[in-house]
Amino acid sequence: MSTHRTRLRAMSVVAGIGIVALLVAGCARGGDSGSPSGGTSAPSPGITDTSITLGITTPLSGPTAGPGTCTVAGITAYFGAKNADGGVKFGDGKTRKVEIKALDDAYDPQKAAANYDQLKDSVFAMTAGLGTPTNRAWREAAIADKVPQVLIQTGDPIFSDSTQSPWQLGFVPIYQNEGAAFGKLLAASSGEHKVAILSQNDDYGKGYVEGFKSAIKDASNIKIVKELTYEATDTSVDAQLTELAGTGADVDHAARDLVAAEGPGAQVAAQLVPSVEHVQPEGDPRAGRGVRVPRRLHGVIREGGRKPRVCKGPRCGQVPGRPQAVRELPRHPGVPALLVELHDRRHARAGLREDDPADARRLHEAAAHDLGLHGTSDARWHVGRHDEGRPAGRLDRHRAEVQRQGLRERGDLRMTTASLT
Amino acid sequence: MSAIAAFAQKPWVRWTGVALIVVLAIVLPLILPELANTTIARVGVFAVAVLGLNVVMGYTGQVSLGQIFFVGLGAYVTAYGVGQGWNILLVFVLACLIPAAVGLLVALAAARLGGLAIAMVTIALPIVGVPLAKRLSEFTGGSEGVSARFSAAPAWTGLYDDQWQLYIVLLVGGISFLLTRNLVRGKYGRAFAIVKDNESVAGSMGISPYRYKVLAFTVASLLGGVSGFLYMVVIQYTSPETLNFGHSITLLASMVIGGAGSIIGSLLGGAYYVLVPQLTNLIDPGLTAVLQGAILLAVLFLLPGGLVSLPRLWRRAGRRRGDVSPRAAASAPVAASASADVSIHPPTESQEGRQDT
């Protein structure tokens, strides 16, 4: 009897709450429930005649916080200056101030999608986010919501495919293009080359290798002898380098220059970059300090196994010999391989002319920057140090020191900058 | 105080509490804005993952650092199944069973080791999982990840996608919570508790610590798989980043912050996992990691028992003052209502099936 009454009472309570709730629900979202597709007449969010708001979701904490923080700082600084000057003139003739809303996703796709959900109703477009998975996580949602996802920092080709990604626009060249640029450069050089490939085990490394291979497909002078991979989180690639060194390859191609900018790969980059750029001669007391390169590799990248000369006298610290393949690269006598590659990429990207002295200088500076010589204004030093052997000034020596051991600290650009300035 | 406890024990109070929760679960998705719906859905996803972790750690006392691996595995199974065009119910069953089977295999080996050794074995799971997910690219889409958008609201419902997704999460998550609650409150829960407290005593009572550790681990993996399925319902994309070892640690921290060995604590843990990054983002996006660390420390200092001990703390403070705070009184029927659910949901065959393992 009592349980029966209890049940009755419970049911009446349920019914009461239910009725109230349904009434509330009827009112909720009433504004747009009638015409979910009638958004054409409503103005887009985040844009007025005087301002536009852009959203960013990018890693601001965690291992990839470096580039993410720099992106947001750079964008905020640039548009801050533009806003202070009155704003940016748009295609419709109106001048708007640009506001930035940046959120941290810690390179977690789930958080990136959450940030997108949070921002999408208040921003005109999403931009500048770093990372393939963190951008892919909400790519389809952005298409469905018709929110532009533009100038994002990933070389994933899907963002550059306008049929698959109508609301997307990539910023960095797709990885395949970059790899192909290296391949083309090598194929155009004279002589036979054996290439050992070391790539990051993800879409980034695979894209590079794919592009590289497609570019050398018809080149008979290039032979790939070995392919190995490393994880983006690896702190050492000693094992891979040793194995690649054993192949007797004379060119070591690695998707490495961007790695240096991507936090966890910094140590790997530190190992790779010096292995090509700053091989210390045997006997140099400074050799091996800061960078640990398997000795065997020295021989490999030096003209296919020739023993390096012992460094003596005042010119100690300059690289005495250079790999034959590198030396033969056209138009760049005496410029190390990595610089050549960087030059070529800048050249292609910026439309700069190598034979124009001003442009050439700019290329050198860019390359110097990429090598970690942040704040270097006189890039002649690179060539000078390697070729002319001109007496190094105090600053030059300091830079050389930073470069020699400092590439390790590549992750912390501020440190390098501070020590230079 | 006892008057309130007695009040909360009254059947009609408990039934009203249950009814209130059910009605709220039905109605809230309809009223709330889209952002709130997706956020609650995400809380649900990770609450289930934390719940699984709670079964193995909070109730059975075995340190597991691999829970995110099972979440990721469930998500990948779901993505693959959806990509192949399989029936969604079949996909769901597979997303539960495959992680459970893998969990069973791992547990059969790991539970033989005593103490923290099981933690060492489970650390390996996410660490192996990430490169594995990258290399098995025909199943996983490689490091670019894989999308599966199967959770759009059917036209006949007239619902928005976020509402539909939240309903799925509430239904699946709610059932997971109820079943787990029944598991840990019953015979198995008592066995887990004795295994946690003292394995020798458990053995002397005829309870095999090994078997129950394996069982707890398998249940945790299964719940991880459920969480992975829900992850795909809500986030609709998975990549090797999902399996990141760091997330496993965050899950563990969430479990401790929510309250180890507590059902409501799992829910609070899921809320912590999702809301704190969003909250710290609102305060200062550049300081999220620092703020999260500060919040973690603050909770552990002030509430060593986790957020779930907050009402108890208040009640104790209230008793000291000689009166009862209204908040504690209000929370009592809600807590009691959870226990009322037992009677309407008897243990299902899935649970009995697990006994055989």
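## A positive patch on chain B

R312(B), R316(B), R319(B) and R320(B) together form a positive surface patch, where a patch gathers residues with over 30% relative accessible area and no salt bridge, like charges being joined within 9 Å. A salt bridge here is a side-chain nitrogen of Lys or Arg within 4 Å of a carboxyl oxygen of Asp or Glu, and the place of an Arg charge is taken as CZ.

One of these residues, R320(B), lies in helix 15 of chain B, which spans residues 310–321; helices are DSSP runs (H or I) of at least four residues, and strands are runs (E) of at least two. R320(B) is exposed, with a relative accessible area of 68%, exposed meaning over 50% and buried under 20%, with a 1.4 Å probe and protein chains only.

## Basis of the model

This is a predicted model, in which local features need pLDDT of at least 70 and side-chain atom pairs count only at pLDDT 80 or more, whereas totals for chains, interfaces and linings use all residues. Residues are numbered from 1 along each chain as its sequence is written, chains are lettered from A in the order in which they are written, and side-chain values use heavy atoms, without hydrogens or water.

## Chain A as a whole

Chain A contains 17 helices and nine strands, and buried residues account for 50% of its 421 residues. The chain exposes about 19,700 Å², of which carbon and sulfur atoms supply 56%, as computed by the Shrake-Rupley method.

## A buried tyrosine

Y230(A) belongs to strand 8 (residues 222–230) of chain A and, at 1% relative accessibility, counts as buried. Its C-alpha is 7.8 Å from that of Q240(A), a residue 10 apart from Y230(A) in sequence.

Note on methods:
Patches are made of residues with over 30% relative accessible area and no salt bridge: like charges are joined within 9 Å, nonpolar side chains (Val, Leu, Ile, Met, Phe, Trp, Tyr) within 5 Å. Accessible areas come from the Shrake-Rupley method with a 1.4 Å probe; for residues, only the protein chains shown count as cover. Lys and Arg count as positive and Asp and Glu as negative; His and the chain ends are not counted.
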